[in-house]
Amino acid sequence: IRTYNFPQDRVTDHRIGVTVHNLPGMLDGAIDPLMRALIDADQADRLEASTVAWGAPMPPTIREAIRWGQSVLKAGGGEITDTPSLDVDVLIRHVLRCDRVYLLTRDHLTMTPGTWQRFRKLIARRSTAEPVAYITGTKEFAGLTFRVDRRVLIPRPDTETILNLAISRLTSCGAGASGVDVGTGSGAIAIAWAIACPMSDRKST
């Protein structure tokens with residue numbers, strides 16, 4: 001399935017027909033290029049399977065697309081997601097660029113071929129357990145929307161609880177209160193803190 005060619009400094013995965021050079025680096029653990037290729041191939045297979053599973057010549061209505069997306073994610077069980085309905089809601093609104101009101105009142109409308117294609121691709125990505133925030137590129141935190149990707153951790157609800165506690169204490173200390181955000185990733189904590197406590201002394205590292 002996979003061959004290692006030391007004279008040519010390459011690794012070939014014959015399952016997906018991909019060759020990656022820099023063999024020493026691969027053996028030392030730098031396998032991201034190969035893993036990305038495997039993930040892309042798996043997503044392509046899932047997308048093709050989803051197309052066959054739909055089996056209709058025309059794109060579905062929004063309501064039908066939602067039901068289809070939920071069935072795909074539910075088929076993966078709890079290992080994929082514990083919130084298939086919520087995930088589908090977020091992904092289809094991301095594709096359609098609409099709010100929930102539009103989704104509830106216009107779900108009888110037929111999706112365009114382009115939006116249907118994009119939605120199926122996002123469902124294929126989610127079915128590999130890729131976080132919704134990485135798929136959409138955004139995450140809400142403390143009433144703000146942040147851009148996120150694989151380079152940062154996704155802001156979590158429990159982090160927001162800690163942030164609220166810190167803001168409460170800083171506010172009670174009055175002007176000149178100071179604090180440090182250690183290990184800044186997306187910047188969600190530092191930015192939300194700066195907005196909530198503009199007079200405090202803030203540092204992020």
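Predicted model: local features only at pLDDT ≥ 70, side-chain atom pairs only at ≥ 80, totals over all residues.
Most residues other than glycine have a negative phi. Two residues here depart from that pattern.

Arg-97 has a phi near 55°, a positive value, and is not a glycine. Its place is the loop that links α4 (84–96) to α5 (100–105). Arg-97 is exposed, because its relative accessibility of 79% lies over the 50% cut-off.

For Ala-142, phi is again positive, near 55°, in a residue other than glycine. Ala-142 sits in the loop between strands β4 (138–141) and β5 (144–147). Its relative accessible area is 28%, so Ala-142 counts as partly exposed. That class runs between the 20% and 50% limits.

## Cysteines

A disulfide is a covalent bond between the sulfur atoms of two cysteines. The search of the whole structure returns 0 disulfides. The test asks for a pair of cysteine sulfur atoms within 2.5 Å.

Cys-98 has a relative accessible area of 14%, so it is buried. Cys-197 is buried too, at 8% relative accessibility. Both calls rest on the cut-off of under 20%.

Leu-27 belongs to helix α1, which covers residues 23–27. With a relative accessible area of 52%, Leu-27 is exposed.

Note on methods. Residues numbered from 1 in each chain as written. Heavy atoms only, no water. Helix = DSSP H or I, 4+ residues; strand = E, 2+ residues; numbered from the N terminus. Buried < 20%, exposed > 50% of the residue type's maximum accessible area, 1.4 Å probe, protein only.
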